[in-house]
Amino acid sequence: MAERVFAGKLERAGFADVWVGGHRPFGIDQAALYPLFTSEVIQVMRQTIPVEHQDHVATGVIVKAAKPG
Amino acid sequence: MARDLMFQQEIKETVQQAYAAIATGAGETVARRLYSDQELADVSPGAIAWALGVGNPVRYARLQPGQAVLDVGSGGGIDTILAAKRVDSQGRAIGLDVLEEMCERGRGHAAQAGVEGWTEFRQGEMEAIPLPDESVDVVISNGVLNLSARKSRALAEIFRVLRPGGRICMADLTVEGELPPEVANDQSAWAG
């Protein structure tokens, strides 16, 4: 899910003051730390994602929003 | 429509099976990347071993003593426990997880951390949260919303259980652009 899509879903749900921050790159090496990613999919990622993008496949974010009072 | 519902069900089952299949906690390396030494000292080794999140929402959530906080997709309970420490015994921390075995782990880890008196774990789905309307002050989650095949439904449920003026603080992964189809269509990538 793209950041703008995430923010849009929050606004459509009724949330206000949507804030997205704390951006951290998430690469294949990070994904490999999680048991939920099989070694097979990690291998596929290394084979199919361009080397220059492998250290930033996704972005870790913090998303904050408020329910209007 | 029927095909979409079948696909949603397939994603849900894949994610649940992936989490249920984790035999032993493998989260220590993840935890050391996301939490400070002080935060790790506040939780039990078991909670650290089951840390499978992607961020540290409690650090950003500005929790206050006395608040009621819901951790959606609580897993082994590390964020629920850290939240419980911050809302203190005047408050209430609730972990919600779709797997009862994760809830059971969370209860054990909360007891080891000494917060069991105001911390509970409930089995349930984020798309049908088993809590009354307007019953919590803050909702946190950590790498969980992306696992839902019905994200808008999950957000509507979170909105429902929050009190007016309540807040969410979620850690998650975003992806700009397209992943290669070999990755996007891999079932373990859905769960991860």
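Helices and strands are here DSSP runs, a helix having at least four residues and a strand at least two, and they are numbered from the N terminus. Counted in this way, the secondary structure of chain B comes to 10 helices and 5 strands. The model is a predicted one, and for the complex the predictor gives an ipTM of 0.93 together with a pTM of 0.90.

**Chain B as a whole**

- Chain B has a mean pLDDT of 89, and 85% of its residues reach 70 or more.
- Where pLDDT is low, the predicted coordinates should not be read in detail.
- Chain B contains 192 residues, of which 48% count as buried.
- Among the contacts in chain B with a separation of 6 or more, 73% are accounted for by residues 24 or more positions apart.

**Where the two chains touch**

- Between the chains, 36 residues of chain A are in contact with 38 residues of chain B.
- On the side of chain A that touches chain B, the elements giving two or more residues are α1 (3-13), β1 (16-26), α3 (39-48) and β2 (58-66) of chain A, and β2(A) gives the most, with 9 residues.
- The residues on this side of chain A divide into 24 nonpolar, 7 polar and 5 charged.
- The strand β2(A) also pairs with strand β5 (residues 162-174) of chain B, in the antiparallel sense and over 8 bridges.
- Within this part of the structure, T59(A) stands opposite T174(B), a residue of β5(B).

**Y60(B), a residue with contacts in both chains**

- Y60(B) belongs to helix α5 of chain B, which covers residues 57-60.
- Leaving aside neighbours within four places in sequence, Y60(B) is in contact with G22(A), I62(A) and K64(A) of chain A, and with C169(B) of chain B.
- Y60(B) counts as partly exposed because it has 18 C-beta neighbours inside 10 Å, whereas a buried residue needs 20 or more.
- Along the chain, Y60(B) and D71(B) are 11 residues apart, and their C-alpha atoms are separated by 14 Å.

**Q30(A), a residue of chain A**

- Q30(A) lies in helix α2 of chain A, which is made up of residues 28-31.
- Q30(A) is buried because 21 other C-beta atoms lie within 10 Å, and the cut-off for a buried residue is 20 or more.
- From C-alpha to C-alpha, Q30(A) and H56(A) are 9.6 Å apart in space, while in sequence they are 26 residues apart.

How values were computed:
Residues are numbered from 1 along each chain as its sequence is written. Chains are lettered from A and ligands numbered from 1 in the order in which they are written. This is a predicted model: local features need pLDDT of at least 70, side-chain atom pairs count only at pLDDT 80 or more; totals for chains, interfaces and linings use all residues. pLDDT is the predictor's confidence in each residue, from 0 to 100. A residue is buried if 20 or more other C-beta atoms lie within 10 Å of its own, exposed if 12 or fewer, and partly exposed in between; C-beta atoms are placed from the backbone. Two residues are in contact if their C-beta atoms, placed from the backbone, lie within 7 Å. Ala, Val, Leu, Ile, Met, Phe, Trp, Tyr, Cys and Pro count as nonpolar, Asp, Glu, Lys and Arg as charged, and the others, Gly among them, as polar. Two strands pair if DSSP finds at least two bridges between them.
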